[in-house]
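Dear colleague,

I am passing on the structure below, together with notes on what was found in it. Please read the notes with the coordinates open beside them.

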Amino acid sequence: MLYEDDAVVVLDKPAGLPSVPIKGSDSPSALSLLSARLAPKRQRALVVHRIDRFTSGILVFAKTEPDREILVRQFLRHTPVRQYLAVLRGSLEAREGTLVHYFRREGMFQKLCTERDAEAARAELRYSVERPLRGATLVRVALATGLQNQIRTQFSAIGHPVVGDRKYHPAEASERLIARVALHAAHVQFVHPRSRENISIDCQPPADFQNLIQLLSPPARERR
């Protein structure tokens with residue numbers, strides 16, 4: 001747990017653990033594990049938002065329906081600050097920028113489309129380069145919208161897929177330095193549903209993510 005009070009719980013979800021139970025599976029999820037932990041206190045865990053199964057990092061839950069409703073409205077309006085760290089394939093030309101795409105969902109995938117498509121959903125993010133790496137780039141991403149797989153889809157669309165993201169870039173299946181998509185939910189800021197104070201939470205990347213950065217970092221003499 002990164003934060004807990006009578007209204008809100010914020011978890012650091014490990015990569016590989018689903019946010020919510022998978023239909024037809026008895027495997028644990030962040031929701032089921034948190035629910036079991038809160039049950040002895042007669043408290044509930046209610047989903048506010050989700051992150052991908054193979055993404056690590058910050059995940060927010062509410063403890064009551066009124067608190068959940070307030071938080072969900074914030075996330076639907078995209079008012080919380082949500083930042084991710086991602087390791088992208090290749091070198092980005094610009095140190096920072098904004099990406100805007102339109103996608104429509106087909107099954108479990110987001111497909112690139114045009115604004116004129118009747119099923120189009122607008123996706124927007126801002127990024128800044130944290131560190132150039134060997135054959136890759138570490139970036140910090142701020143979401144302006146919150147579509148499923150948005151970061152993975154948008155960077156794949158510009159030819160810089162997230163390292164390890166075989167779903168949107170099958171060639172990443174050959175990646176051996178990390179066994180999942182190199183994406184980490186690193187920061188969130190939202191308004192507390194009761195106190196109305198700003199809650200700001202940071203979450204350090206796990207060992208596999210940090211190890212990837214270390215392995216891809218150029219020798220010190222090359223960084224001078």
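Arg180 counts as buried, at 6% relative accessibility, where buried means under 20% relative accessible area, exposed over 50%, and partly exposed in between, with a 1.4 Å probe and protein chains only. Arg180 forms a salt bridge with Asp208, with 2.9 Å between the closest N and O atoms, a salt bridge being a side-chain nitrogen of Lys or Arg within 4 Å of a carboxyl oxygen of Asp or Glu. Asp208 lies in helix α4 (residues 207-216) and Arg180 in the loop between α3 and β10, so the pair ties together parts that are 28 residues apart in sequence. Helices (H or I, at least four residues) and strands (E, at least two) are DSSP runs, numbered from the N terminus. Asp208 itself, at 29% relative accessibility, counts as partly exposed.

Before going further, please note that this is a predicted model, in which local features need pLDDT of at least 70 and side-chain atom pairs count only at pLDDT 80 or more, while totals for chains, interfaces and linings use all residues. Residues are numbered from 1 along each chain as its sequence is written, and side-chain values use heavy atoms, with hydrogens and water left out.

By the rule given above, the count comes to 14 salt bridges. One of them joins the side chains of Arg89 and Glu172 at 2.7 Å, N to O, and this pair links distant parts of the chain, since Arg89 is in strand β5 (residues 81-89) and Glu172 in the loop between α3 and β10, 83 residues apart. The side chain of Arg89 also meets that of Glu175 in a salt bridge, again given as 2.7 Å, N to O; Glu175 lies in the loop between α3 and β10, so this pair ties together parts that are 86 residues apart in sequence. Arg89 counts as partly exposed at 28% relative accessibility, whereas Glu172 is buried at 5% and Glu175 is buried at 13%.

The helices come next. Helix α3 (150-157) is mostly covered, with seven of its eight residues buried, namely Gln150, Ile151, Arg152, Thr153, Gln154, Phe155 and Ser156. What covers these buried residues includes β5, β6 (96-106), β7 (109-113), β8 (121-133), β9 and β10. Just after α3, Gly159 takes a positive phi of about 85°. In helix α1 (residues 30-38) the buried residues are Ala30, Leu31, Leu34 and Leu38. They cover an arc of only 90° around the axis, which puts them on the same side of α1, the arc being that of the directions from the helix axis to the C-beta atoms. Their cover includes β1 (3-4), β2 (8-13), β3 (46-47) and β4 (56-62).

Not counting residues up to four places away in sequence, Ile151 touches Tyr84, Leu125, Val141, Leu143, Val162 and Leu183, where contact means heavy atoms within 4.5 Å.

Thr145 sits in the loop between β9 (136-143) and α3 and is buried, with a relative accessible area of 12%. Its side chain reaches the backbone nitrogen of Glu124 at 2.9 Å, and a polar contact of 2.9 Å joins the side chains of Thr145 and Gln150. A polar contact is a pair of N or O atoms within 3.5 Å; within protein, one must be able to donate a hydrogen and the other to accept it, and residues adjacent in sequence count only if both atoms are side-chain atoms. Leaving aside neighbours within four places in sequence, Thr145 is in contact with His78, Arg122, Ala123, Glu124 and Gln150.

Finally, strands β10 (residues 183-191) and β11 run antiparallel and are joined by five bridges, pairing being assigned if DSSP finds at least two bridges between two strands. They form a hairpin with six residues between them, and Arg196 in the turn has a positive phi of about 65°. Val188 stands opposite Ile201.

With best regards
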